[in-house]
Amino acid sequence: AEVQCAVRHCDDDFTAHELRREYRRLAHRYHPDRHLDRAPAERALLARQFADATESYRCLVPVVGARH
């Protein structure tokens, strides 16, 4: 939920560039390949957060792009 809120936190002035930057920041933070040394349960949680960020980004790209 935290990841979705971070990516979906966009106001009317949020540009496609800003959305992409925020998504890339979150993807870098939660990408499963960055956490191979973690416990399996923690890796699963991070993978889910990565998937949530990706899903949110894919939903918002057409919306933000249509505004600009």
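Is Tyr57 buried or exposed, and what is its relative accessible area? Tyr57 is buried, with a relative accessible area of 19%, where buried means under 20% relative accessible area and exposed means over 50%, with partly exposed in between (1.4 Å probe, protein chains only).

1. Basis of the note. The model is a predicted one, in which local features need pLDDT of at least 70 and side-chain atom pairs count only at pLDDT 80 or more, while totals for chains, interfaces and linings use all residues. Residues are numbered from 1 along each chain as its sequence is written, and side-chain values use heavy atoms, with hydrogens and water left out.

2. Overall make-up. The protein has three helices and zero strands, and along the sequence these give the pattern α-α-α; helices (H or I, at least four residues) and strands (E, at least two) are DSSP runs, numbered from the N terminus. Of the 68 residues in the protein, 29% are buried.

3. The nonpolar core. Twelve residues make up the largest nonpolar core, among them Phe14, Leu19, Tyr23, Leu46, Phe50 and Tyr57; such a core is a set of buried Ala, Val, Leu, Ile, Met, Phe, Trp, Tyr and Cys residues joined through side-chain atoms within 4.5 Å. Helices α2 (16-30) and α3 (40-67) each supply at least two residues of this core, and the largest share, six residues, comes from α3. In soluble globular proteins, nonpolar side chains tend to be buried together.

4. The two sides of α2. Helix α2 has 15 residues and reaches 21 Å from its first C-alpha to its last, close to the 21 Å expected at 1.5 Å a residue, the expected span being 1.5 Å times one less than the number of residues. Its buried residues are Leu19, Glu22, Tyr23, Leu26, Ala27 and Tyr30. These residues lie on the same side of α2 because they cover an arc of only 135° around the axis, the arc being that of the directions from the helix axis to the C-beta atoms. On the other side of α2, His17, Arg21 and Arg24 are exposed.

5. The aromatic pair. The count comes to one aromatic pair, under a rule by which rings of Phe, Tyr and Trp (its six-membered ring) pair if their centres lie within 6.5 Å, and planes under 30 degrees apart count as stacked, over 60 as edge-to-face and the rest as tilted. Tyr23 and Tyr57 form this stacked pair, at 4.3 Å centre to centre and 15° between the planes. The pair links distant parts of the chain, since Tyr23 is in helix α2 and Tyr57 in helix α3, 34 residues apart.
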